[in-house]
Amino acid sequence: MKIRALPSLALAGACLTLGISIAFSGARADESHADTPPSQIRRLTESQYRNVIADVFGPDIKIVGRFEPDLRIDGLQAVGTSAVSVTAAGLEQYENLARSISAQVTDEQHRAKLVGCAPTPADRNGVACARQFFQSVGLQLYRRPLSDAEVAALTKATTDATTTLGDFHAGLAATLSGMLTSPEFLFRIDRPAPSRRNIDAWSKASRLSFLFWNSMPDQTLLDEARSGALDTQAGLTKAVDRLIASPRFEQGVRAFFTDYLRLDGMDELAKDSLIYPAFSQAISTSLREQTLRTISWFLVERKGDYRDLFTARSIAMNRSLGPIYDIPVSKADWFMYEFPQGDPRSGLLTHASMLAQHSHPGRTSPTLRGVALREIFLCEKIPAPPANVNFAVVQNVDNPTLKTTRARLQAHLDDEECASCHRRTDPIGLGLEQFDGAGQFRKVEHDEVIDVSGNFEKQAFNGAAALGQLFRNNPRVSSCLVQSAWRYANGRNPSGTDGAEIAKLDQSFAAGGHRFPSLMRAIALDPAFYTMPRLGPERRVATVRRMKETG
């Protein structure tokens, strides 16, 4: 079945109708912006897109095709979603995905279940069927009820397409394809409540579901939005507690830590197979899963103290990862393994996912590891190296006199232009040098014993386990998590009085024993989470225009 997206519902045209400004020039996936304005629109991430399609149409609908890379701003893709940038190539990718999904939804295998109706002698053109379908699926895809005018327009588009294509289900698929390329689907749009000070109940439902489940609201949450329950504190509290109690909360926790720890980078991670023969893309995927399973087990199932992740000896393990960790594993499925007391592996900093990702393809990098530790766990900003830096000394692993990475880095520090940043990153990165570029343990480098001593925040340490203990006890580490969770939930960087709200969250997080579910609950129950953003002049004009056009 050949499906053509309807021009009237294409992304660019629909954006003009909504008064939303979307740049088609595109921004680099790693671009960093210190100041992100409060935003009313956030693009769905790839994982959210996939989750929504699975929730609406079922897991057997295949999503085949590439996505435009998500934009990471100041360490978080969730903040990048507010930059709202779609390239022309990205739009074409969305259209290809939409046509494929729509064809599956309306094919002979799925249409009875997913469409649920067809033209009849009494409804020869399928008008009633199309109206019924769009009223149902529209609520799910747009996360709000469709207006009568929207349903009428979609129904007419289907009958027009049916006439052109000569088949009702082809016409329905063409219209559905248009919906899946509409900004109403691709973007989470916060709409104002009648007071104009807060977002409306439908927007609240979306904020809650994407925060806790990384997907669209379920029917219960949509019903609570319709009834007005989410506009009361009691109703909001009940909804938040239900979402956290659900098994799907783990999905939301995994989404946050994938973003926070930048684990999406594992998808593209490659290692020199001659140097690290045990490493492969399948191993990389398993390492990412290992870290997420460990975090979910510790923070959700056990409701543990977040800080203890840096010293915990328990880790999710399966047979394929045994060679990386040099331990015998007889079980094929995932299980929780505990390193013995005194083992050099202890805590999150020694997960092979963290160690391998922040290394070069054929060697370690104390600098990359140090940058990652400071940016991710301490919320510091480490500037990129100058373009004219000479890395020859560090990269020469065959240097006959500077045999260890520590020795080569020390020679590199003689360059004062580099020293200021390297003094912040390298000492903690060198503390992880007993783990090679694939995350495997070693004691020597070129027959020389590896020195893993260092200094962090004026405190001496020796080895990764001791460094993890210092991170566990540093209040800046837990404060950074709070700030990052707030930015993730709000999709932007703090501004104005946001600092006071974050400080309150930090205090309550510490007072409550650093329990991550409690932190997310506190964010969701904060009235500030539902206030309409303070817009700059350009966005204010666009918002006012959209308000007038949508009534």
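Buried here is under 20% relative accessible area, exposed is over 50%, and partly exposed is in between, with a 1.4 Å probe and protein chains only.

Before going on, the conditions. This is a predicted model, in which local features need pLDDT of at least 70 and side-chain atom pairs count only at pLDDT 80 or more, while totals for chains, interfaces and linings use all residues. Residues are numbered from 1 along each chain as its sequence is written, and side-chain values use heavy atoms, with hydrogens and water left out.

Back to the lysine. Lys-204 sits in helix α10, residues 201-212. Helices are DSSP runs of H or I with at least four residues, strands are runs of E with at least two, and both are numbered from the N terminus. What does the side chain of Lys-204 reach? That side chain comes to 3.4 Å from the backbone oxygen of Leu-230. A polar contact is a pair of N or O atoms within 3.5 Å; within protein, one must be able to donate a hydrogen and the other to accept it, and residues adjacent in sequence count only if both atoms are side-chain atoms. If neighbours within four places in sequence are left aside, Lys-204 contacts Ile-199, Leu-230, Asp-231 and Tyr-530. Contact means heavy atoms within 4.5 Å.

Next, Val-56, in helix α2, residues 46-57. Not counting residues up to four places away in sequence, Val-56 touches Val-137, Gln-140, Leu-141 and Met-216. Between Val-56 and Asp-218 there are 9.4 Å in space, C-alpha to C-alpha, with the two 162 residues apart in sequence.

Third, helix α17, residues 366-378. From first C-alpha to last, its 13 residues reach 17 Å, close to the 18 Å expected at 1.5 Å a residue; the expected span is 1.5 Å times one less than the number of residues. Is α17 enclosed or open? Eleven of its 13 residues are buried, so α17 is largely enclosed by the rest of the structure. Among those buried are Arg-369, Arg-374 and Phe-377. Just after the helix, Cys-379 takes a positive phi of about 55°.

Finally, the whole chain. The secondary structure comes to 25 helices and eight strands. Of the 551 residues, 55% are buried. For contacts between residues at least 6 apart in sequence, 71% join residues at least 24 apart.
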